[in-house]
Amino acid sequence: MEFTAEQLSQYNGTDGSKPIYVAIKGRVFDVTTGKSFYGPEGDYSMFAGKDASRALGKMSKNEEDISPSLEGLTEKEMNTLNDWETKFVAKYPVVGRVVS
């Protein structure tokens, strides 16, 4: 499936009838099984319904970092992001891509 950023935002965990999605580098993962982390009360709820690539690379929960932009990330931050992506691929199903 293809999602716009606006469509992706509808899968943020606030509607219990919908799955919870998080995107990394444009790939959308169904993280519903991790709702204790990504659901409304979870420590990583700010990533739900968004492409959290930049924030994951920077290991940041700051709103301004929750973005698909990789511009200006250091090599270390890109390696961190790639590690997160590997973990997500192993743990959660890919359900689509974010398109502009």
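Predicted model: local features only at pLDDT ≥ 70, side-chain atom pairs only at ≥ 80, totals over all residues.

Analyst: Residues are numbered from 1 along each chain as its sequence is written, and side-chain values use heavy atoms, with hydrogens and water left out.

User: Which domain does UniProt place at residues 3-99?

Analyst: The unreviewed UniProt entry gives "domain: Cytochrome b5 heme-binding" there. UniProt positions follow the numbering used here, feature names are shortened, and annotations may be inferred rather than shown by experiment. In the model, residues 3-99 are 32% helix and 14% strand. The end C-alpha atoms of that stretch are 6 Å apart.

User: What makes a set of residues a nonpolar core?

Analyst: The members are buried Ala, Val, Leu, Ile, Met, Phe, Trp, Tyr and Cys residues, joined through side-chain atoms within 4.5 Å. Buried means under 20% relative accessible area, exposed over 50%, and partly exposed in between (1.4 Å probe, protein chains only). The largest core here has 16 residues. V22, V31, Y38, F47, L56 and F88 touch the most other members. Elements giving two or more residues to this core are β2 (21-24), α3 (53-58) and α4 (75-91). The largest share, three residues, comes from α4. A second, separate core has six residues, including F3, L8, Y21 and V28.

User: How do you know where a helix or strand starts and ends?

Analyst: Both are DSSP runs, numbered from the N terminus: helices are H or I of at least four residues, strands E of at least two.

User: Why are β1 and β4 called paired?

Analyst: Two strands pair if DSSP finds at least two bridges between them. Strand β1 (residues 2-3) and strand β4 (residues 94-98) have two bridges, in the parallel sense, so they qualify. F3 has V98 in β4 as its bridge partner. Strand β3 (residues 27-30) also pairs with β4, antiparallel, over three bridges. There, V28 stands opposite G96 in β4.

User: What makes the phi of K25 stand out?

Analyst: Most residues other than glycine have a negative phi. K25 is not a glycine, yet its phi is positive, about 50°. K25 lies in the loop between β2 and β3. M59 likewise has a positive phi, about 55°, and is not a glycine. M59 sits in the loop between α3 and α4.

User: Why is M59 called exposed, and what is K25 called?

Analyst: M59 has a relative accessible area of 58%, so it is exposed. K25 has 29%, so it is partly exposed.
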